[in-house]
Amino acid sequence: MILRVNLSTKKVVAERLNKMDLENFIGGRGIAAKILWDEVKHVDPLSESNKLIIAAGPYNGLRTPSGGKLVVAAKSPLTGGYGDGNIGTMASVHLRKAGYMALVVEGASEKPVYIYIDNENVSILSAEGLWGLSTFETERKLKDVHGNNVGVLSIGPAGENLVKYAVIISQDGRAGGRPGIGAVMGSKKLKAVVIRGTGDVQVRDVEAFKKYTTDVYKMIPTLPAYDFWMRQGTLATLEWANKNKALPVRNFGQVKFEYARTVDGYSMEAMKVTKRGCPNCNMICGNVVLDMEGKESELDYENVGMLGPNMGMPFLNKVAVLNRLADEYGIDTISLGAVMGFIMEASEKGYVKGAPKFGDYDNTIELVRKIAYRDGELANILADGVKEASEKLNLQHLAMHVKGLEVSAYNCYIYPAMALAYGTSAIGAHHKEAWVIAWEIGSTPLEEATTSEYVMTYTPEKARKVVEQQRIRGGLFEMLTACRLPWVELGVDLEWYAKILSAITGEQYTLDRLYEAADRVYSLIRCYWIREYRGKWNRHMDYPPQRWFENDINGMKLERDKYDLLLSEYYKLRGWDSNGVPTPETLGRQKLDFAIEELGDIIR
């Protein structure tokens with residue numbers, strides 16, 4: 001079932017999910033992309049015509065391996081194209097247990113409201129007493145009213161003030177929706193969604209489901225990388241990225257951070273006070289430290305990499321304050337670190353006055369607050385993201401983004417495959433869909449890590465690897481909807497995911513069938529971008545930031561002509577033309593004939 005809530009008319013409708021859509025798009029990102037394609041066309045992302053989609057998948061609401069994710073999607077106010085993100089939250093469990101695969105929020109309220117879903121009973125309630133509160137305060141107050149056994153998704157002041165990289169927050173630090181999905185929620189005057197579900201999610205083959213899931217849960221703690229993972233989680237990446245010249249340092253201008261030891265996984269271990277995880281996870285990654293103000297802050301590599309080294313900010317207790325404030329305000333930590341790195345470099349070089357320089361903690365704290373509230377001219381410019389800010393300040397050469405979405409924490413002067421992954425991500429520069437840099441570097445031990453000739457090659461194999469990872473990370477896991485970390489960090493065999501899905505649905509799923517669905521979703525999302533850009537689309541939309549081509553690190557940088565050949569190879573593998581537009585033959589084969597008709601001459 002899909003639950004539709006119209007905040008303009010106050011109408012609430014539950015409708016059956018189209019069986020063919022469920023078969024072709026599985027769930028999560030697939031369902032969200034199909035709804036946006038069908039229903040959100042040529043609209044202002046911050047108008048009431050945009051729709052907020054909160055989509056679950058077949059893995060949610062069940063005891064599936066790390067199956068506690070939820071996809072939040074809308075047309076992006078940051079990029080103007082397709083936008084989504086996933087968030088680990090109890091709301092994923094409750095949404096499915098309430099009987100829904102997706103919630104579609106339409107229209108906009110005149111006054112602040114929140115949606116309360118209690119199984120089949122749905123209410124639109126006043127949030128005027130919550131408006132202006134942080135996400136942490138909002139969730140606590142809502143749980144005081146509705147009890148702890150609910151899932152809560154909320155926005156903070158950044159979403160309310162339409163900061164274009166505002167996110168949705170749950171459980172004091174779980175965040176999703178980097179391309180401004182929190183701003184879409186704010187534009188609808190929707191402060192929060194509270195969900196309580198008590199039903200059962202149907203499983204077709206109960207015995208097989210129990211066996212497969214039990215086997216995987218028992219396997220995970222026995223895998224070789226498990227113990228170190230439980231100690232450092234994703235923050236182990238910081239040391240690895242620093243040694244392999246992949247760390248973003250001072251607005252991606254450098255690749256090694258002289259204070260790396262003060263912000264790495266070992267520093268976190270010494271400060272850690274507890275751990276948090278998503279529902280149904282037995283390899284939890286949320287390492288919580290006490291920050292410089294004595295408050296809890298949940299850390300991972302991406303937020304530390306962007307708020308620490310990329311801003312020239314040493315000492316983890318200071319970085320942790322910035323991270324916590326971003327979560328309380330409801331600002332994406334990755335984009336915030338990119339925006340701050342951008343303006344810090346501009347300040348260092350004398351292009352702007354009154355902005356903090358690298359490592360300036362006190363003034364950074366104040367500017368982050370101002371961005372959340374759009375307080376002042378500079379903060380208001382920065383609240384629109386690094387692309388728009390760089391255009392207004394005529395500093396495009398300092399801006400690190402793809403299609404308007406800020407680059408996450410991997411520096412790619414010498415990593416063509418990862419640059420291609422950023423260039424072709426479905427939402428803009430994000431690592432989540434193809435963390436190909438680990439494969440590109442290889443498994444060289446840290447103490448022996450060197451820049452090999454292989455890293456700087458532009459072979460067709462690199463394009464193939466990006467497509468392969470997008471099928472898995474941005475396809476399979478985003479449709480199920482489940483966390484990719486058991487597979488990528490511990491090596492859980494992907495075959496388990498197809499077996500478990502088969503047991504849930506009663507249909508025979510193979511990895512090939514899931515990959516076909518993933519390719520279908522990628523082509524549909526690409527068609528969405530092309531349609532919304534109204535003829536302005538071209539292959540240069542799939543280029544990484546110019547800094548990686550124009551600057552160099554020890555004489556090394558990306559080569560534009562070779563990247564261009566790599567991009568062409570990627571298009572060939574995808575069945576897209578020389579501008580990155582899916583061909584009619586490809587769309588027909590992928591059961592996307594409706595896109596051929598709507599795009600018309602663009603794809604002919």
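Close-up 1. Helices α1 (19-25) and α21 (495-505) each bring at least two residues to the lining of the largest pocket; helices here are DSSP runs of H or I with at least four residues, strands are runs of E with at least two, and both are numbered from the N terminus. With three residues, α1 gives the most to that lining. This is a predicted model, where local features need pLDDT of at least 70, side-chain atom pairs count only at pLDDT 80 or more, and totals for chains, interfaces and linings use all residues. Residues are numbered from 1 along each chain as its sequence is written, and side-chain values use heavy atoms, with hydrogens and water left out.

**Close-up 2. Who sits around the largest pocket.** Its lining has 22 residues, and L22, R96, M101, Q202 and R204 lie nearest the centre. The lining splits into 11 nonpolar, four polar and seven charged residues. Here Ala, Val, Leu, Ile, Met, Phe, Trp, Tyr, Cys and Pro count as nonpolar, Asp, Glu, Lys and Arg as charged, and the others, Gly among them, as polar. A pocket is an open set of points on a 1 Å grid over the protein atoms alone where a 1.4 Å probe fits, with protein on both sides within 12 Å along at least five of seven lines; lining residues have an atom within 4 Å of a point.

**Close-up 3. Strand β1 and its neighbours.** Strand β1 (residues 2-6) pairs with β6 (residues 102-106) through five bridges, running parallel, and L3 stands opposite L103. Four bridges join β1 to β2 (residues 12-15), and these two run antiparallel; there, A14 is the bridge partner of L3. Strands pair if DSSP finds at least two bridges between them.
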